[in-house]
Amino acid sequence: MSPTSYTPFPGVSAQDQDENEWWLRREISLIQNLLQEEGELSKSEIGERLGCKYWGPLRFRGALKEGVERGAFRRLGGNRYAAAGDATGAS
């Protein structure tokens with residue numbers, strides 16, 4: 001076995017990808033709902049209110065990034081986020 005083909009992690013099946021996508025949509029939805037209810041919040045405030053430290057490694061960061069890319073919410077300056085339709089911080 002060549003060193004470049006070895007990985008200590010199991011391969012990812014289509015079922016794993018589907019499950020990961022389900023969880024990602026759920027996490028984005030939680031962040032989106034919080035921002036719609038509470039308005040503009042910092043990354044740390046979002047993390048504390050949703051208990052994101054229990055989501056797993058890098059899941060919170062990934063959900064924030066993907067949520068912005070999918071248009072679920074917006075990133076403002078200074079690590080702050082707002083709901084997509086929120087006029088707060090709009091230019």
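1. Along the sequence, the secondary structure elements follow the pattern α-β-α-α-β-β, which amounts to three helices and three strands in the protein. The model is a predicted one, and the points below should be read with that in mind.

2. Where contacts link residues at least 6 apart in sequence, 51% of them join residues at least 24 apart.

3. Helix H1 covers residues 14–38, and its geometry can be checked against expectation: at 1.5 Å a residue, its 25 residues should span 36 Å, and the end C-alpha atoms are 36 Å apart, which agrees. The buried residues of H1 are Leu24, Glu27, Ile28, Ile31, Leu34 and Leu35, and they pack against E1, H2, H3, E2 and E3. A reader may wish to note that a glutamate, Glu27, is listed among these buried positions. Just after the helix, glycine 39 adopts a positive phi of about 85 degrees.

4. Arginine 26 also belongs to H1, but with a relative accessibility of 38% this residue counts as partly exposed. Between arginine 26 and alanine 63 there are 37 residues of sequence separation, whereas their C-alpha atoms are 9.2 Å apart in space. Alanine 63 is one of the buried residues of helix H3.

5. Helix H3 (residues 59–69) buries Phe60, Ala63, Leu64 and Gly67. Viewed down the axis of H3, these buried residues fall within an arc of 100 degrees, so they line one face of the helix. On the face of H3 turned away from the buried side are the exposed residues Arg61, Lys65 and Glu69.

6. Which elements do the buried residues of H3 pack against? They pack against H1, against helix H2 (43–50), and against the strands E2 (73–76) and E3 (80–83). After H3 comes glycine 71, with a positive phi near 80 degrees.

7. The three strands form an open sheet in the order E1-E3-E2, and the pairing is antiparallel. E1 (41–42) and E2 are the edge strands, each pairing on one side only. E1 and E3 run antiparallel and are joined by two bridges; leucine 41 has tyrosine 81 in E3 as its bridge partner.

8. For the aromatic rings, the count of pairs comes to three. One of them joins tryptophan 22 and tryptophan 23, an edge-to-face pair with the ring centres 4.8 Å apart and 90 degrees between the planes. Both residues are partly exposed, tryptophan 22 at 46% relative accessibility and tryptophan 23 at 35%. Another pair is that of tryptophan 55 and phenylalanine 60: the ring centres are 6.0 Å apart and the planes stand at 85 degrees, so this pair is edge-to-face. Tryptophan 55 and phenylalanine 60 are buried, and phenylalanine 60 is also one of the buried residues of H3.

Key
Residues numbered from 1 in each chain as written. Predicted model: local features only at pLDDT ≥ 70, side-chain atom pairs only at ≥ 80, totals over all residues. Heavy atoms only, no water. Helix = DSSP H or I, 4+ residues; strand = E, 2+ residues; numbered from the N terminus. Contact = heavy atoms within 4.5 Å. Buried < 20%, exposed > 50% of the residue type's maximum accessible area, 1.4 Å probe, protein only. Arc of directions from axis to C-beta. Pairing = 2+ DSSP bridges. Expected span 1.5 Å × (residues − 1). Phe/Tyr/Trp six-rings, centres within 6.5 Å; stacked < 30°, edge-to-face > 60°.
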